[in-house]
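Trainee: I have a structure open and would like to talk it through with you. Could we go through it piece by piece?

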Amino acid sequence: MQLNQATDYGFRVVLYLSCRPPGSIISGQVIAQEQRIPVRFLQKIMRQLTLAGLTRSYRGIEGGFALLKAPQEISLLDVVTAMEGPVSIQRCLEDTAECSRQCANHCSVHRALDRVQQTLLDGLTAVTFDRLAAEEMAKKEENKDE
């Protein structure tokens, strides 16, 4: 299992915006340039993040993008879900009718994968962008002092 490139870019965009003062509106061109994301790809990513309620789009000369939620309210899981849809490591965990043996409720593999998936979801939920932004800013400050 591997997250797609759009999700990686989504992480970068949300982290970049989380490192800016609250309410900052940053143009798509600046985001694309500073995060090394192709502009056309960035448009798709921003559309998905906006539809998910994580960012807001502003039109016009002073337009751009800003976080719609505070960084502490956005987790890695929020971005993954916005970019890839619900996290499900096995079809039968999302829909028990997908089990070809039709035994999902009493299958030991199903129960084990359900625990693994819950651990993954809990881990992704625990990491919020305020913490990531604080780490990023500290790293930049450390590099500046060297």
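Trainee: Where is Arg-36 found?

Mentor: Arg-36 is found in the loop between α2 and α3, and please keep in mind throughout that this is a predicted model.

Trainee: And is Arg-36 buried or exposed there?

Mentor: Arg-36 counts as exposed, because its relative accessibility is 73% and the cut-off for exposed is over 50%.

Trainee: What about the phi of Arg-36?

Mentor: The phi of Arg-36 is positive, at about 55°, although this residue is not a glycine.

Trainee: Let's go to another loop. Where is the place of Cys-19, and is it buried or exposed?

Mentor: Cys-19 sits in the loop between α1 and α2, and with a relative accessibility of 11% it counts as buried, since buried means under 20%.

Trainee: Which residues does Cys-19 touch, leaving out those up to four places away in sequence?

Mentor: With those sequence neighbours left out, Cys-19 touches Ala-133, Glu-136 and Met-137. For Cys-19 and Met-137, the C-alpha atoms are 7.1 Å apart in space, while the two residues are 118 residues apart in sequence.

Trainee: Stepping back, how many helices and strands does the chain have?

Mentor: The secondary structure comes to seven helices and two strands, and along the sequence they follow the pattern α-α-α-β-β-α-α-α-α. Of the contacts in the chain with a separation of 6 or more, 65% are between residues 24 or more positions apart.

Trainee: How much of the chain do buried residues make up?

Mentor: Buried residues make up 38% of the 146 residues in the chain. The largest nonpolar core has 31 residues, and the members that touch the most other members are Val-13, Ile-31, Leu-42, Ile-45, Leu-49, Val-79 and Phe-129.

Trainee: Which helices supply that core with at least two residues each?

Mentor: Those are α1, α2 (28-35), α3, α4 (76-84), α6 (108-126) and α7 (129-145), and the largest share, eight residues, comes from α1.

Trainee: Could you take Leu-49 from that list, and say what it touches?

Mentor: Not counting residues up to four places away in sequence, Leu-49 touches Gly-10, Val-13, Val-14, Leu-54, Thr-55, Val-79, Ala-82 and Met-83. Leu-49 also has a part in the meeting of two helices, where Ile-45, Gln-48 and Leu-49 in α3 meet Val-79, Ala-82 and Met-83 in α4.

Trainee: How do the axes of α3 and α4 cross?

Mentor: The axes of α3 and α4 come within 9 Å and cross at roughly 115°, and the crossing is right-handed.

Trainee: New topic, then: how many aromatic pairs does the structure hold?

Mentor: The structure holds one aromatic pair. The ring centres of Tyr-9 and Phe-41 are 5.2 Å apart and their planes lie at 80°, so the pair is edge-to-face, given that planes over 60 degrees apart count that way.

Trainee: Which parts does the pair tie together?

Mentor: Tyr-9 lies in helix α1 (residues 5-18) and Phe-41 in helix α3 (residues 39-51), so the pair ties together parts that are 32 residues apart in sequence.

Trainee: Are those two buried or exposed?

Mentor: Tyr-9 counts as buried, at 10% relative accessibility, whereas Phe-41 is partly exposed, with a relative accessible area of 25%.

Notes: Residues are numbered from 1 along each chain as its sequence is written. This is a predicted model: local features need pLDDT of at least 70, side-chain atom pairs count only at pLDDT 80 or more; totals for chains, interfaces and linings use all residues. Side-chain values use heavy atoms; hydrogens and water are left out. Rings of Phe, Tyr and Trp (its six-membered ring) pair if their centres lie within 6.5 Å; planes under 30 degrees apart count as stacked, over 60 as edge-to-face and the rest as tilted. Helices (H or I, at least four residues) and strands (E, at least two) are DSSP runs, numbered from the N terminus. Buried means under 20% relative accessible area, exposed over 50%, partly exposed in between (1.4 Å probe, protein chains only). A nonpolar core is a set of buried Ala, Val, Leu, Ile, Met, Phe, Trp, Tyr and Cys residues joined through side-chain atoms within 4.5 Å. Contact means heavy atoms within 4.5 Å. Axes are lines fitted to C-alpha atoms, for helices over the stretch in contact, and angles run from 0 to 180 degrees between N-to-C directions. A crossing is left-handed if the near helix is turned anticlockwise from the far one by less than a right angle, and right-handed if clockwise.
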